[in-house]
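Hi everyone, thanks for coming. Let me put the structure on the screen, and then I'll walk you through a couple of its helices.

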Amino acid sequence: MRSVICSTLVSAVLLPALVACQDNGQTGQNASNWSATLREEAQQRADSLLKILEAAGDWKQVIVVADSLGSEGSISSVKCNLLVATAYANIGELRTSEFFFKKIVDGPIPEDEDFGLYCESAASFSGLLVNKRDYGTALQVALPVVNAMEKHTDYSPTVQAILLESIGRSQLSLGRDREAADSYDRAFRIYQQEAAADSTANGVRHVVVNAYNTALGYLTAKCFPEAMTWTLRADSAMNVYKGISDANTAFVDNAGARLHLLHAVALQGLGQE
């Protein structure tokens, strides 16, 4: 039944484009305007359908629908591959996910509306590479995108921060400590700026997680002074988070315990047990 429903919805998305191809009676500017309107409507239907499937966590159907829409040209190849890569990641097929992310970043950095999607793809792919400890390739993917962001405004600051985190982790692991410190600081400032503009607890939560992950990276590299600095930053952000009305108590308990352990290990590394 689900497949039948999705097939019907895909047909509804693609039908206007087919009608446009069959209608040869219109010419000139009117035909051009009509075609543009149909393309826009098809895009809106495609986005709505994909959002429904993503919200339902129906990742296998996301793959089917994205592939169909991509083949028909209703969505760009960048968007298609990003949707498919994300879907495979969510069902645990990381190798396949990596393949589709790589298809995106192997292409040129786009200058059109796909730029933000390309940045998201690079952020996800560089994160996968960092987890595989392929730090050199992670830098090759992430650095050009962060540099390109200097010339654009149509991207998510959070995505930029995620890229900088991957860059910092890679630089630290490759012994480029000074560069890593700069990358980590840039990511932290972005999260702080985003939190200041967010009236909910979610923005501050991102600050806590960022500082914790950075402290953990320094601890793994046995850079104990830096690990302590970032642990204290995470503690400070956590105190702010606790005072926000919609703070999640489970997160406070879990992250608080992890921070306490991190603090103890950093102290031990500094010889201050």
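In helix α12, the buried residues are Phe251, Val252, Ala255, Leu259, Leu262 and Ala266, where buried means under 20% relative accessible area, exposed means over 50%, and partly exposed is in between, with a 1.4 Å probe and protein chains only. They sit on the same side of α12 because they cover an arc of only 105° around the axis, taken from the directions from the helix axis to the C-beta atoms.

A quick word on the source: this is a predicted model, where local features need pLDDT of at least 70 and side-chain atom pairs count only at pLDDT 80 or more, while totals for chains, interfaces and linings use all residues. Residues are numbered from 1 along each chain as its sequence is written, and side-chain values use heavy atoms, leaving out hydrogens and water.

Helices here are DSSP runs of H or I, at least four residues, numbered from the N terminus. So what do the buried residues of α12 pack against? They pack against α10 (202-220) and α11 (224-242), with contact meaning heavy atoms within 4.5 Å. On the face turned away from that buried side, you'll find the exposed residues Thr249, Asp253, His260 and Leu261.

Now the ends of α12. Asn248 caps the N-terminal end, with a side-chain oxygen 2.9 Å from the backbone nitrogen of Ala250. Just after the helix, Gly271 takes a positive phi of about 75°.

Finally, α6: 13 of its 17 residues are buried, leaving this helix mostly covered. Just after α6, Arg133 has a positive phi of about 65°.

Notes: Helices (H or I, at least four residues) and strands (E, at least two) are DSSP runs, numbered from the N terminus. A polar contact is a pair of N or O atoms within 3.5 Å; within protein, one must be able to donate a hydrogen and the other to accept it, and residues adjacent in sequence count only if both atoms are side-chain atoms.
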